[in-house]
Amino acid sequence: MNWYEKLNQYFPIEEMKSKAHMEALLKERADIYHKDEGKHHVMMYAELNDFIFIDYIFVSKDARGEGLGHKLLEKLKKKGKPIILEVEPVNYEDTDSEKRLKFYQREDFKHADTIGYERRSLATNEVNKMEILYWAPNDESEEHIYEAMKETYNMIHTFKDKELYGESYQPVSEVLSLDMEGKNKNIFDELS
């Protein structure tokens, strides 16, 4: 099974980029967009000057519990930049969603509870709510994370969207919001 098939089997359709999209990023944005692949893992990420965005991280069931996810994150943490990623809210019918959140909590990720993120999927046409998690080695603010997410959305998520999907994703102003007053519920508080 190739790297894309592994990701495609693991992630829901509404979260997946097309293979053409990821291959275009790997080729045309090779300076920032990377694939780290091994027998039991696939990690797609973008590294910019002042942050890292993990687009996808997959560890096969055969290797779970062996510390592979920790090792992958440690490799990125050594770069000393904030690390940002998107997760779906806890779905109690999908036990993996709670396990994923507990893993990131153990890895010292915080929930950006001031950042709202809702995006319409071009695959399903449904609006998906996602949560932003981040690791901040220098106590970077959620405003910093918000600006990095806007940059990620514009450079990675919407890269050649019209050409690749026949239509464009929503503008970043409709997808991401920052509300420093009315914080959302902290996603980690919902874990048992």
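User: Is I132 buried or exposed, and what is its relative accessible area?

Analyst: Buried means under 20% relative accessible area, exposed over 50%, and partly exposed in between, with a 1.4 Å probe and protein chains only. I132 has a relative accessible area of 0% and is therefore buried. The model is predicted, so local features need pLDDT of at least 70 and side-chain atom pairs count only at pLDDT 80 or more, while totals for chains, interfaces and linings use all residues. Residues are numbered from 1 along each chain as its sequence is written, and side-chain values use heavy atoms, with hydrogens and water left out.

User: Where does I132 lie, and which residues is I132 in contact with, leaving aside its neighbours within four places in sequence?

Analyst: Helices (H or I, at least four residues) and strands (E, at least two) are DSSP runs, numbered from the N terminus. I132 lies in strand 8, residues 131-135. Contact means heavy atoms within 4.5 Å. Leaving aside neighbours within four places in sequence, the contacts of I132 include I84, L85, K110, A112, I145 and M149.

User: Which residues of helix 2 are buried?

Analyst: In helix 2 (residues 19-28), H21, M22, A24 and L25 are buried. Seen down the helix axis, these residues fall within an arc of 160°, so they line one face of helix 2. The arc is that of the directions from the helix axis to the C-beta atoms. Among the elements covering the buried residues are helix 1 (3-10), strand 2 (41-47) and helix 5 (142-157).

User: At what angle do helix 1 and helix 2 pack?

Analyst: Axes are lines fitted to C-alpha atoms, for helices over the stretch in contact, and angles run from 0 to 180 degrees between N-to-C directions. Helix 1 and helix 2 pack at about 130°, with their axes 11 Å apart. Angles under 35 degrees count as roughly parallel, over 145 as roughly antiparallel, 65 to 115 as roughly perpendicular, and the rest as oblique. Helix 1 and helix 2 are therefore oblique to each other. Their contact is made by W3, Y4 and L7 of helix 1 and K19, M22, E23 and L26 of helix 2.

User: Where is E107 placed?

Analyst: E107 is in the loop between helix 4 (95-106) and strand 5 (110-111). E107 is buried, at a relative accessible area of 7%. Beyond neighbours within four places in sequence, E107 is in contact with H70, L73, E74, K77 and W135.
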